[in-house]
Amino acid sequence: MPYQGSCLCGTVTFVVKSPINKMYHCHCSLCQKQGGGCANAATIVPIDQFAWQSGEQNIKQWHKSTGFSSHFCSSCGSPVPNKVGDSLMWIPLGLVAEAAPELAAHLWLSAKPTWSIPAKAERNYADMPEDLGEFVRFLQS
Ligand SMILES: [Zn+2]
Ligand SMILES: [Zn+2]
């Protein structure tokens, strides 16, 4: 700590000041398309534990009408952190080299591709956690 994060080309950089103890995979169809894989690997931290270091002006955004949004480096296409509500920040963990969190949850297992075999995790959701606040506290615990 603090953890350093960067996109593929290194233009967008940031720091996460809080511990990153737990993370989740989201297997929903949107995350599959956004990352090009079977799931994303992410955690959520309080926004006051996050700071941009460089490249924030290089970030482009795409918003789906249902509320899903994708923020990405306009040079290299890496997904980058984005806000969840007013007080939280979503962190794609492939950007954070030093973090070694426990895989604690799977989201949207009902949507996972047949060729994906998820590793064991403490929590397994068919779709989304009903109480996002409780889920974020779990990730922070
Ligand atoms: Zn980049
Ligand atoms: Zn998802």
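Helix α2 (residues 132-140) lies across β3, β4, β9 and β10 and runs at about 95° to β4; here axes are lines fitted to C-alpha atoms, for helices over the stretch in contact, and angles run from 0 to 180 degrees between N-to-C directions. This is a predicted model, in which local features need pLDDT of at least 70 and side-chain atom pairs count only at pLDDT 80 or more, while totals for chains, interfaces and linings use all residues. Residues are numbered from 1 along each chain as its sequence is written, and chains are lettered from A and ligands numbered from 1 in the order in which they are written.

**Overall layout**

- The protein chain has two helices and 11 strands, where helices (H or I, at least four residues) and strands (E, at least two) are DSSP runs numbered from the N terminus.
- Read along the sequence, these elements follow the pattern β-β-β-α-β-β-β-β-β-β-β-β-α.
- For 141 residues a compact globule would have a radius of gyration near 14 Å, and the 14 Å of the protein chain agrees with that; the radius is taken over C-alpha atoms, and the globule rule is 2.2 Å times the number of residues to the power 0.38.
- The C-alpha trace spans about 35 × 30 × 25 Å along its principal axes.
- Among contacts between residues at least 6 apart in sequence, 56% join residues at least 24 apart, a contact being a pair of residues whose C-beta atoms, placed from the backbone, lie within 7 Å.
- Buried residues make up 26% of the 141 residues; a residue is buried if 20 or more other C-beta atoms lie within 10 Å of its own, exposed if 12 or fewer, and partly exposed in between, with C-beta atoms placed from the backbone.

**The three-stranded sheet**

- Three strands form an open sheet in the order β1-β2-β5 with antiparallel pairing, where two strands pair if DSSP finds at least two bridges between them.
- β1 and β5 stand at the edges, each with a single partner strand, so one side of each is left without a neighbour in the sheet, and the twist averages 25° from one strand to the next.
- Four bridges join β1 (residues 3-6) to β2, with Gln 4 having Val 15 as its bridge partner and Tyr 3 standing opposite Val 16.
- The hairpin of β1 and β2 has six residues between the strands, and Gly 10 in this hairpin takes a positive phi near 85°.
- On the β5 (residues 50-54) side, four bridges again join the strand to β2, and Val 16 stands opposite Phe 50.
- Ser 54 in β5 is exposed, with 12 other C-beta atoms within 10 Å, and touches Thr 11, Val 12 and Thr 13, not counting residues up to four places away in sequence.
- Ser 54 and Ser 6 are 48 residues apart in sequence and 9.2 Å apart in space, C-alpha to C-alpha.

**The six-stranded sheet**

- Six strands form an open sheet in the order β8-β9-β4-β3-β10-β11, and the pairing is mixed.
- β8 (82-84) and β11 stand at the edges, each with a single partner strand, so one side of each is left without a neighbour in the sheet.
- β4 and β9 pair in the antiparallel sense over five bridges, and the bridge partner of Ile 44 in β9 is Trp 90.
- Pro 92 lies in strand β9 and is buried, with 22 other C-beta atoms within 10 Å.
- Leaving aside neighbours within four places in sequence, Pro 92 is in contact with Asn 40, Ala 42, Pro 79 and Pro 81.

**The nonpolar core**

- Of the 26 residues in the largest nonpolar core, Val 16 and Ile 91 touch the most other members, a core being a set of buried Ala, Val, Leu, Ile, Met, Phe, Trp, Tyr and Cys residues joined through C-beta atoms within 7 Å.
- At least two residues of this core come from each of β2 (13-16), β3 (22-26), β4 (40-46), β7 (69-73), β9 (88-92) and β10 (102-107).
- Beyond its neighbours within four places in sequence, Ile 91 is in contact with Val 16, Ala 42, Thr 43, Ile 44, Val 45, Pro 81 and Val 96.

**A backbone detail**

- Most residues other than glycine have a negative phi.
- Trp 108 has a positive phi of about 55° although it is not a glycine.
- Trp 108 lies in the loop between β10 and β11 (123-124) and is partly exposed, with 19 other C-beta atoms within 10 Å.

Terms used
Two residues are in contact if their C-beta atoms, placed from the backbone, lie within 7 Å.
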